[in-house]
Amino acid sequence: MGQRIQAVKGTRDLLPPETAVWTAVERAARETFGAYGYSEIRTPILEDTELFVRSVGESTDIVGKEMYTFTDRKGRSLSLRPESTASVARAFVQHGMHNAPLPLKVYYIGPHFRYERPQKGRYRQFHQIGAELLGDAGPQSDGEVILMLVRFLSVLGFEGLVVQLNTVGDEESREAYRKGLLDYLEPQRGALSPDSQRRLTSNPLRILDSKDPADHSLLEGAPQLREFLNSESREHFEAVCGMLDRHGVAYSIESRLVRGLDYYTRTVFEIISEGLGAQDAIVGGGRYDGLIEELGGQPLPGIGFAIGEDRLIDVLPNRFREAAQTTSLVSVTAVPPVPAAEALILAEQLRDENLPILAELADRSLKSALKRAHRAGVKWVVLIGEQEQENGTVAVRDLEQGSQETMPREDLVSYLGGSR
Ligand code: HAM
């Protein structure tokens, strides 16, 4: 016997019946986002490493420590995508989509890769459901994107979630803040973690998302970005807050929220779920008004978010989960000596009437057929015994009620609610 091969560390197989929950969540996302005028975009999982270096940023944890990067057979540096905003922006520039009607609204669903230490809610292959709006700088777009996100989460049955909101300002405000932060941290350089000391020169703002406890206590007294906002950035943020107020969205302003990717400008947000422990962010997003230009396109603003689907499903409300896993399957069994072919004939007739049918064709002992039906969440088992076969009837067992009745075959479709 050969040695068994396991799934790669940090990756996992999604198996039935759990996959039914994933499908239902994704269907709800497609429906909700579609109702806001979003269409699907599918970009490659593999990109030039340079794309993420330029957009997410060289000094971020994602690019510096977590990317799956390798050289291909021709010596090109490629990376598995750690996120998709950069890919969407690249595709936008590559296909000259600024000529399409703007704003462009797209969503994506799929696997992403980060080499992180696996733990509950944190995987090396994880899945995002994301949406991006490109081509509008106004605060009403920030508002609508957040409203769409909140609506989607409420369709799934989430209650009491709070959007954590902040602004990181525009380029000018960030530059002013970078200086302010440097002035504060530089004299205490020695007390910072080695990573943060390096970032002092490369990208001081990234020190704010350090996970090192020593850095945390230093940052307690640090100046806050809010104090460095220019009036445009401040007004934009106030307008976004005003929109959320008007629509009754629960949010809290988190002045320390900066997000761990370099492309953000102005509005940033996250949604945290308490059920998740340390890895508690189920959504992250924000505005990225300089990204398209950074990637060689004409200046064009953008805003979006990505939901961690694995985490979302970990804390999914039970009602949605259960509804996703109940099937409307009907099992059809021919009881020996009636041949299995009879079950297949009836199954196909019922499928013609749009009924989803589990035909029992292999092991046809009544007992194991009933057991399988129970496990598959079947409500009705249709039995063709010798007597039914002769009379042109069927016996229908209702597994929920535990009752059984015999009826003419021609009554079966309407009894089961077919051809709706
Ligand atoms: P992000 O915050 O890096 O943002 O990731 C978004 C979400 O992906 C996180 O809130 C989390 O739920 C999930 N996630 C990230 N890493 C992992 C992991 N290792 N295991 C499980 N889940 C994970 C972005 O990726 C931005 N592209 C979001 C965005 C779109 N901003 C603007 N548009």
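Why does Asp 61 count as buried? Select it and take a look: its relative accessibility is 16%, so Asp 61 counts as buried (buried means under 20% relative accessible area, exposed over 50%, and partly exposed in between, with a 1.4 Å probe and protein chains only).

Before moving on, note that this is a predicted model, in which local features need pLDDT of at least 70 and side-chain atom pairs count only at pLDDT 80 or more, while totals for chains, interfaces and linings use all residues. Residues are numbered from 1 along each chain as its sequence is written, and side-chain values use heavy atoms, with hydrogens and water left out.

**Stop 1: around Asp 61**

Asp 61 sits in helix H3 (residues 61–65); helices (H or I, at least four residues) and strands (E, at least two) are DSSP runs, numbered from the N terminus. Now show its neighbours: leaving aside residues up to four places away in sequence, Asp 61 touches Glu 66, Arg 199 and Lys 211 (contact means heavy atoms within 4.5 Å).

**Stop 2: salt bridges**

Side chains of opposite charge can pair when their charged atoms come close. A salt bridge is a side-chain nitrogen of Lys or Arg within 4 Å of a carboxyl oxygen of Asp or Glu, and the whole structure has 27 salt bridges.

Select Glu 47 and Arg 90, whose side chains meet in a salt bridge at 2.7 Å, N to O. Glu 47 is in strand S2 (residues 46–48) and Arg 90 in helix H4 (residues 85–94), so this pair ties together parts that are 43 residues apart in sequence. Both Glu 47 and Arg 90 are buried.

Next, pick Arg 259 and Glu 270, which form a salt bridge with their closest N and O atoms 3.0 Å apart. This pair links distant parts of the chain, with Arg 259 in the loop between S8 and S9 and Glu 270 in strand S9, eleven residues apart. Both Arg 259 and Glu 270 are buried. To see a network, select Asp 61, Lys 65, Asp 195, Arg 198, Arg 199 and Lys 211, which are joined by salt bridges that share partners.

**Stop 3**

Most residues other than glycine have a negative phi, and most peptide bonds are trans. Stay with Arg 259 for a moment: its phi is positive, near 70 degrees. Asn 354, in the loop between H13 and S13, also has a positive phi, about 65 degrees, although it is not a glycine. At 55% relative accessibility, Asn 354 counts as exposed.

Then zoom in on two peptide bonds. The one from Pro 16 to Pro 17 is cis, with omega near 5 degrees, and Pro 17 lies in the segment before helix H1 (18–34). The one from Pro 336 to Pro 337 is cis too, with omega near 10 degrees.

**Stop 4: helix H14**

Select helix H14 (residues 366–375), where Ser 368, Ala 369, Leu 370 and Ala 373 are buried. Among the elements covering these buried residues are strand S12 (330–334) and strand S15 (393–398).

Which residues does Ala 373 touch, not counting those up to four places away in sequence? They are Ser 331, Val 378, Val 381 and Leu 399. At 0% relative accessibility, Ala 373 counts as buried. To finish, select Gly 377, which follows H14 and has a positive phi, near 75 degrees.
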